[in-house]
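Below are my notes on the model you sent. They are meant to be read with the sequence and the coordinates open.

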Amino acid sequence: MSIDSPVGIEQEDGSAVARVAVGTIITASKGREMIYVHAGEAITKGMFVAIDEDFEAMKLTKALADDKHMIACADELALADNEYGYVSRSGVFNGNVVAAAVVDTAFYTSATAGTIDDDPTSQTLIYGIVNSATGATGATTPCIAACLMHA
Amino acid sequence: MSIDSPVGLLNNDSSSAAEFALGTIIKADDGRKMLYVLAADDFDKGDFVAIDENFAIRPLTKARADDRQMIGCCADFDVTDEEYTFVTISGVFEGNIIKDAAVDSAFYTSGTTSGYLDDDSSGQKEIFGVVNTAKGADGVPTPCIAACRMHA
């Protein structure tokens with residue numbers, strides 16, 4: 001998969017050592033903007049993550065969204081704890097949304113870390129993201145983030 | 001106009017065949033970010049567009065903003081149905097807004113003209129991230145700033 005910068009770094013690869021500085025932003029295919037992060041825990045492919053001021057990525061939760069951390073999706077790869085990789089902050093990608101969420105739903109954090117939900121009960125709204133297909137159990141769902149996702 | 005990527009591509013042109021992958025983002029030398037799309041309608045220079053998950057563009061309407069599609073502007077030239085081109089998603093550009101909109105207005109979809117932004121919120125959807133830097137005039141694209149990617 002091609003990217004515009006930095007030359008030679010592939011965004012579908014995770015690594016145990018940093019290949020570029022954390023916080024590096026690239027533009028990628030499918031209208032995406034991606035940011036290079038360090039995983040603070042194991043993250044499954046498709047999970048939404050919160051990214052702190054040190055570019056540490058953790059599974060998205062209400063508490064982290066309430067802290068107004070940056071929000072992204074690990075759409076290209078699973079990251080083991082302490083691995084480095086790119087995650088998508090905007091554009092078209094597949095992410096983990098709750099099963100049966102209808103198309104073009106507004107999304108909130110959920111009780112399941114890393115998954116977003118169309119049920120707002122006691123959760124925090126995530127701006128900028130909708131799904132373009134119905135959510136299905138155990139499968140990532142096509143999404144559009146028209147801007148950088150944020151709480 | 002020069003761009004940083006892909007090498008050699010000009011963003012002031014359109015074509016009947018795809019020259020690059022749909023969804024390619026470029027950074028222009030005037031602060032804009034632009035997205036490569038396929039027109040699903042005819043557009044006048046300055047028209048605002050909704051961009052779906054397949055990177056097809058259609059005139060911006062409340063319904064499409066409600067679906068939270070990506071938003072861009074055909075800021076550089078007219079675009080014909082089924083042509084491929086770049087549209088502006090952020091930065092400084094000229095777009096079609098309703099006549100007499102005051103400078104630095106908050107903008108909404110237009111209830112009267114698809115593809116236009118309007119400062120009248122009545123029954124419409126707010127478009128975040130974009131303001132005008134000059135008063136809107138009839139039939140003339142108006143200077144705008146999109147501080148971030150425009151979105152509903």
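1. Confidence. The model is a predicted one. For chain A the mean pLDDT is 91, and 93% of the residues in that chain reach 70 or more. Among the elements of chain A, strand E1 (residues 25-27) has the lowest confidence, with a mean of 91. The highest in chain A belongs to strand E4 (residues 56-59), at 98.

2. Make-up of chain B. One helix and eleven strands form the secondary structure of chain B. Read from the N terminus, the order is β-β-β-β-β-α-β-β-β-β-β-β. Chain B is as compact as a globular protein of its length, because its radius of gyration of 14 Å is close to the 15 Å that the globule rule gives for 152 residues. The C-alpha trace of chain B spans about 40 × 30 × 25 Å along its principal axes.

3. Burial and contacts in chain B. Of the 152 residues in chain B, 46% count as buried. Taking the contacts in chain B with a separation of 6 or more, 51% are between residues 24 or more positions apart.

4. Strand pairing around E5 of chain B. Which strands pair with E5(B), and in what sense? Strand E3 (residues 33-39) of chain B pairs with strand E5 (residues 56-59) of chain B in the parallel sense, over two bridges. Strand E4 (residues 48-51) of chain B runs antiparallel to E5(B), and three bridges join them. Ile57(B) in E5(B) is the bridge partner of Ala39(B), and Ile57(B) is also the bridge partner of Ile51(B).

5. The hairpin and Phe55 in each chain. Four residues lie between the strands in the hairpin of E4(B) and E5(B), where Phe55(B) takes a positive phi near 65°. In chain A, Phe55(A) has a positive phi of about 65°, although Phe55(A) is not a glycine. Phe55(A) sits in the loop between strand E3 (48-51) and E4 of chain A. Asp104 of chain A. Asp104(A) is in the loop between strand E6 (84-95) and strand E7 (107-108) of chain A. With 14 C-beta neighbours inside 10 Å, Asp104(A) counts as partly exposed.

6. Asp30 of chain B. Is Asp30(B) buried or exposed? Asp30(B) has 12 C-beta neighbours inside 10 Å and so counts as exposed. Its place is the loop between strand E2 (25-27) and E3 of chain B. Leaving aside neighbours within four places in sequence, Asp30(B) is in contact with Gly91(B) and Val92(B). Asp30(B) and Phe93(B) are 63 residues apart in sequence, with a C-alpha to C-alpha distance of 9.0 Å.

7. Phe20 of chain B. Phe20(B) lies in the loop between strand E1 (14-15) and E2 of chain B. Phe20(B) has 16 other C-beta atoms within 10 Å and is therefore partly exposed. Phe20(B) and Cys73(B) are 53 residues apart along the chain, and their C-alpha atoms are separated by 19 Å.

8. In soluble globular proteins, nonpolar side chains tend to be buried together. Here the largest nonpolar core has 83 residues, and the members that touch the most others are Val49(A), Val49(B), Ile71(B) and Val87(B). Strand E9 (residues 141-150) of chain A gives the most to this core, with six residues. Not counting residues up to four places away in sequence, Val49(A) touches Ile43(A), Ala57(A), Met58(A), Lys59(A), Leu60(A), Ala72(A), Ala74(A) and Val87(A).

9. The contact between the chains. How many residues does each chain give to the contact? Chain B gives 18 residues and chain A gives 17 residues. On the side of chain B that touches chain A, the elements giving two or more residues are strand E6 (70-73) and strand E11 (142-151) of chain B. E11(B) has the largest share of that side, three residues. By type, the side of chain B that touches chain A divides into seven nonpolar, six polar and five charged residues.

Note on methods. Residues numbered from 1 in each chain as written. Chains lettered and ligands numbered in written order. Predicted model: local features only at pLDDT ≥ 70, side-chain atom pairs only at ≥ 80, totals over all residues. Contact = placed C-beta atoms within 7 Å. Nonpolar A, V, L, I, M, F, W, Y, C, P; charged D, E, K, R; others polar. Pairing = 2+ DSSP bridges. pLDDT = per-residue confidence, 0-100. Rg over C-alpha atoms; globule rule 2.2 N^0.38 Å. Buried ≥ 20, exposed ≤ 12 C-beta atoms within 10 Å, placed from the backbone. Core = buried A, V, L, I, M, F, W, Y, C linked by C-beta atoms within 7 Å.
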